[in-house]
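Work through these exercises with the model open beside you. Try each task before reading its solution.

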Amino acid sequence: MSKTFLDPVPPFPGWKRRIYRLSRPVTGDDIQAFLGSEELYIRETASGPVHMIHKYGLLEIHCLPGQEEIEVWFSPDQPAYAAEYLDALLATRF
C-alpha cells in the first residue's frame, strides 16, 4: 500500500486504482506537461496537496510534487487504451 496516497478517492464509481513508482520525483514542470489542455484540480490531503489531472475520461492522474510515485485511476470501459495512453504519457517525462 502506498504511504503517499493514504485516502484514495476514485473520480467515478467503479474506476480502478494503480500506484506507479517513477524514476525521479514529480516536478511542477511534469504536472504542467501532463496537464496539456486539461484543467488542474488540487485536493488537500493528509499527505499534502494532490494535483489531479483528468485525461479525456480515460484516466485521472494524482501527483504530489516531490514524490516518486503517482496514483492513477483508470476508466473500466477502456482499460487497455487507457494503459497505453498512460505509458506513452509517462515515457515523455520519465
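The exercises below go from the sheet to the helices, then to rings and charges.

This is a predicted model: local features need pLDDT of at least 70, side-chain atom pairs count only at pLDDT 80 or more, and totals for chains, interfaces and linings use all residues. Residues are numbered from 1 along each chain as its sequence is written, and side-chain values use heavy atoms, with hydrogens and water left out.

**Exercise 1. Two strand pairs**

Task: Count the bridges between strand 2 and strand 3, then those between strand 4 and strand 5.

Solution: 
- Take strand 2 and strand 3. They run antiparallel and are joined by six bridges.
- Look at the connection. A hairpin of two residues leads from strand 2 to strand 3.
- Pick a partner. L40 has I53 in strand 3 as its bridge partner.
- Move to strand 4 and strand 5. Five bridges join this antiparallel pair.
- Check one position. Opposite L59 stands F74 in strand 5.

**Exercise 2. The helices**

Solution: 
- Turn to helix 2, which holds E84. E84 counts as exposed, at 58% relative accessibility. The classes are buried under 20% relative accessible area, exposed over 50% and partly exposed in between (1.4 Å probe, protein chains only).
- Take the distance. E84 and P11 are 20 Å apart, C-alpha to C-alpha, and 73 residues apart in sequence.

**Exercise 3. Rings**

Task: Classify the F12 and W15 pair and the Y56 and Y85 pair by geometry.

Solution: 
- Set the rule. Rings of Phe, Tyr and Trp (its six-membered ring) pair if their centres lie within 6.5 Å; planes under 30 degrees apart are stacked, over 60 edge-to-face, and the rest tilted.
- Note the total. The structure holds three aromatic pairs.
- Apply the rule to F12 and W15. Their centres are 5.1 Å apart and their planes 45° apart: tilted. F12 is partly exposed at 40%, while W15 is buried at 11%.
- Apply it to Y56 and Y85. The centres are 6.1 Å apart and the planes at 80°, so this pair is edge-to-face.
- Locate both rings. Y56 is in the loop between strand 3 (48-55) and strand 4 (59-63) and Y85 is in helix 2 (residues 79-91), so the pair ties together parts 29 residues apart in sequence. Y85 is partly exposed, at 22%.
- Look at F74 again. The charged end of R18 sits over its ring, 5.1 Å from the centre. The cut-off is NZ of Lys or CZ of Arg within 6 Å of the ring centre and within 35 degrees of the ring normal.

**Exercise 4. Salt bridges**

Task: Which residues are linked in a network of salt bridges?

Solution: 
- Define the contact. A side-chain nitrogen of Lys or Arg lies within 4 Å of a carboxyl oxygen of Asp or Glu. The whole structure has four salt bridges.
- Take R21 and E68, at 3.4 Å, N to O. R21 is in strand 1 (residues 16-21) and E68 in the loop between strand 4 and strand 5 (69-74), so the pair ties together parts 47 residues apart in sequence. R21 is exposed at 62%; E68 is partly exposed at 30%.
- Take D30 next. Its side chain meets R24 at 2.7 Å, N to O. D30 is buried, at 0%, and R24 is partly exposed, at 27%.
- R93 is in the segment after helix 2 and D30 in helix 1 (residues 28-35), 63 residues apart. R93 is partly exposed, at 29%.
- Join them up. The network links R24, D30 and R93.

Methods: Helix = DSSP H or I, 4+ residues; strand = E, 2+ residues; numbered from the N terminus. Pairing = 2+ DSSP bridges.
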